[in-house]
Amino acid sequence: MAGEEVSSLAQVNPIDKEAFKLGFIGAGNLASSVATGLVKQGILPASRIFTAHRNPESRVNFRSMGIQVFPKNHQVVEECDVIIFAVKPQILKEVILDLRPLLSQNKLLLSLAVGHKLQALQEWVGHGRFVRVVPTTASIIGEAATVMHLGEAATENDGELIADLFGAVGKVWKMDEKLSDAAAAVGGAGTAFVYIAIEAMADGGVAGGLPREIALSLAAQAFYGAAAMVMKTGKHPGQLKDQVASPGGTTIAGIHELEKGAFRASMMNAVVATTKRSHEMGQ
């Protein structure tokens, strides 16, 4: 590997799956979503999860679950066996370098940040026991779409542990890291695109006379049901669309308007732009 030498051959201690402590460096929305999902799904007790914030009292979402909030990041690292970096990509390098003396290869490290590839993460920390994980805030309800990539020194057991953790709060795909930017765009940022589409559909319902609450519930259920049909039937979305759109009917009239507004192209462009930006952030 170019740059600073990375240790990937040293003997590492296995993580005790029944007793390990999990620490979050970063106490924002994504960390809170993952932690909440793990506790709600009964995967980890709150007593084995830790995070830090300069004002611990302000992290009500963590404290309300019984998760201890330290005032300093180094306290989390010293306490825990598995460390999840859930900070913004722009400050990730700075945070890792600051904690590097404490980040031995006996700790399993994870990054939730988009953009930054394993090569950079491993160089910053000085070893390869790192896993990249790209989840979503839907972890809080057990419906996240999560992509993971294993570092050079991450063991098979490490991979199984992380797959089990994030598999409990959604679905997990293990894939080649070269696909990470596109995967994050579709499975991660894509949730925001869907929220916009749900909002727009609800607004259309309001324009048609529906009360706002009913319009929003109907739109959300329509997306939920459509997603379930794709996943459970295995049929192509185009085939399922054709089953709804009868000749000369109301649905095909609406689809015609979507096509005139370049709905498909706009969605594709959003994914392409997000993929490009993720790649840029990793440079």
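**Helix packing in the predicted model**

The axes of helix α7 and helix α11 (residues 263-281) come within 9 Å and cross at roughly 125°. That angle makes α7 oblique to α11, since an angle counts as roughly perpendicular only from 65 to 115 degrees and as roughly antiparallel only over 145. The crossing of these two helices, α7 and α11, is right-handed. On the side of α7 the contact is made by Asp181, Ala182, Ala185, Val186, Ala189 and Phe193, and on the side of α11 by Met267, Ala270, Val271, Thr274, Thr275, Ser278 and His279. Sorted by class, the residues in the contact of α7 with α11 comprise 8 nonpolar, 4 polar and 1 charged. An α-helix has 3.6 residues a turn, so residues three or four places apart point the same way.

These values, like those that follow, come from a predicted model. The protein chain in this model contains 11 helices and 8 strands, and its C-alpha trace spans about 65 × 45 × 30 Å along the principal axes. Of the 283 residues in the protein chain, 40% are buried. When contacts between residues at least 6 apart in sequence are considered, 64% of them join residues at least 24 apart.

Helix α7 (residues 180-207) also packs against helix α8 (residues 212-233), at an angle of about 135° and with the two axes 8 Å apart. The helices α7 and α8 are therefore oblique to each other, and their crossing is right-handed. In this contact, Val194, Ala197, Ile198, Met201, Ala202, Asp203, Gly205 and Val206 of α7 meet Arg212, Ala215, Leu216, Ala219, Ala220, Ala222 and Phe223 of α8. The residues that form the contact of α7 with α8 divide into 12 nonpolar, 1 polar and 2 charged. Helix α8 itself has 22 residues and reaches 31 Å from its first C-alpha to its last, which is close to the 32 Å expected at 1.5 Å a residue. Just after α8 comes glycine 234, which takes a positive phi of about 75°.

A further pair is formed by helix α4 (residues 89-99) and helix α5 (residues 118-125), which pack at an angle of about 30° with their axes 9 Å apart. Because angles under 35 degrees count as roughly parallel, α4 and α5 are described as roughly parallel to each other. Helix α4 passes α5 in a right-handed crossing. The residues that make this contact are Leu92, Lys93, Ile96 and Leu97 of α4, together with Leu121, Trp124 and Val125 of α5. By class, the contact of α4 with α5 holds 6 nonpolar residues, no polar residues and 1 charged residue.

Within α1, the residues Ala31, Ser32, Ser33, Val34, Ala35, Thr36, Gly37 and Leu38 are buried. The buried residues of α1 pack against the strands β1 (22-25) and β2 (49-52) and against the helices α2 (60-63) and α6 (156-167). Helix α1 is followed by glycine 42, whose phi is positive, near 75°.

Leucine 38, which is found in helix α1, has a relative accessible area of 2% and is therefore buried, since the cut-off for a buried residue is under 20%. When residues up to four places away in sequence are not counted, leucine 38 touches Leu22, Ile43, Leu44, Leu165 and Val169. Leucine 38 and isoleucine 140 are 102 residues apart in sequence, while their C-alpha atoms are 8.0 Å apart in space.

Isoleucine 255 lies in helix α10 (residues 250-260). With a relative accessibility of 17%, isoleucine 255 counts as buried, because this value falls under the 20% cut-off. Once neighbours within four places in sequence are left aside, isoleucine 255 is in contact with Lys241 and Ala245. Isoleucine 255 and methionine 231 are 24 residues apart in sequence and 22 Å apart in space, from C-alpha to C-alpha.

Conventions. Residues are numbered from 1 along each chain as its sequence is written. This is a predicted model: local features need pLDDT of at least 70, side-chain atom pairs count only at pLDDT 80 or more; totals for chains, interfaces and linings use all residues. Side-chain values use heavy atoms; hydrogens and water are left out. Axes are lines fitted to C-alpha atoms, for helices over the stretch in contact, and angles run from 0 to 180 degrees between N-to-C directions. Helices (H or I, at least four residues) and strands (E, at least two) are DSSP runs, numbered from the N terminus. A crossing is left-handed if the near helix is turned anticlockwise from the far one by less than a right angle, and right-handed if clockwise. Contact means heavy atoms within 4.5 Å. Ala, Val, Leu, Ile, Met, Phe, Trp, Tyr, Cys and Pro count as nonpolar, Asp, Glu, Lys and Arg as charged, and the others, Gly among them, as polar. Buried means under 20% relative accessible area, exposed over 50%, partly exposed in between (1.4 Å probe, protein chains only). The expected span of a helix is 1.5 Å times one less than its number of residues.
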